[in-house]
Amino acid sequence: MVSGSLFLHLKSVFFGEFDGHMREMDLVELILKNARALRRMTIQPSTLLEEYKDTRIEVMEQLLRLPRGTATYVIEFS
């Protein structure tokens, strides 16, 4: 298990080939809850997720509903 304090000073994070699987969502949630200095999270969807627009929208909505430790960051879904 990763300690939340590991992310306290994290300012930006990039996820490439993001599918929205449970493990990925759990990691995003852990970061969002604990990265008090976070300013930007960039998520690049996988090719598969790009092909299925409905699934992509669902994943984006799930990301926006995750609990946050700070409100001063941007999630960029590129």
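View 1. The cut-offs explain the label, because partly exposed covers values between under 20% (buried) and over 50% (exposed). In this predicted model, E17 sits in strand β1. Its backbone is worth a look too: E17 has a positive phi of about 55°, although it is not a glycine.

**View 2. Next comes helix α3, which runs through residues 53-65.** Its 13 residues reach 19 Å from the first C-alpha to the last, close to the 18 Å expected at 1.5 Å a residue. Buried in this helix are R56, V59 and L63. Viewed down the axis of α3, the buried residues fall within an arc of 65°, so they line one face of the helix.

**View 3. What do the buried residues of α3 pack against?** Their partners are the strands β1 (12-18), β2 (40-45) and β3 (74-77), together with the helices α1 (22-34) and α2 (47-51).

**View 4. Finally, α1 and α3 are shown packing together.** Two packed helices are described by the angle between their axes and the distance between the axes. For α1 and α3, the angle is about 30° and the axes are 10 Å apart. With angles under 35 degrees counting as roughly parallel, α1 and α3 are therefore roughly parallel to each other. The crossing in which α1 passes α3 is right-handed. At the contact, M25, V28 and L32 of α1 meet V59, Q62 and L63 of α3.

Note on methods
Residues are numbered from 1 along each chain as its sequence is written. This is a predicted model: local features need pLDDT of at least 70, side-chain atom pairs count only at pLDDT 80 or more; totals for chains, interfaces and linings use all residues. Side-chain values use heavy atoms; hydrogens and water are left out. Helices (H or I, at least four residues) and strands (E, at least two) are DSSP runs, numbered from the N terminus. The expected span of a helix is 1.5 Å times one less than its number of residues. Buried means under 20% relative accessible area, exposed over 50%, partly exposed in between (1.4 Å probe, protein chains only). The arc is that of the directions from the helix axis to the C-beta atoms. Contact means heavy atoms within 4.5 Å. Axes are lines fitted to C-alpha atoms, for helices over the stretch in contact, and angles run from 0 to 180 degrees between N-to-C directions. Angles under 35 degrees count as roughly parallel, over 145 as roughly antiparallel, 65 to 115 as roughly perpendicular and the rest as oblique. A crossing is left-handed if the near helix is turned anticlockwise from the far one by less than a right angle, and right-handed if clockwise.
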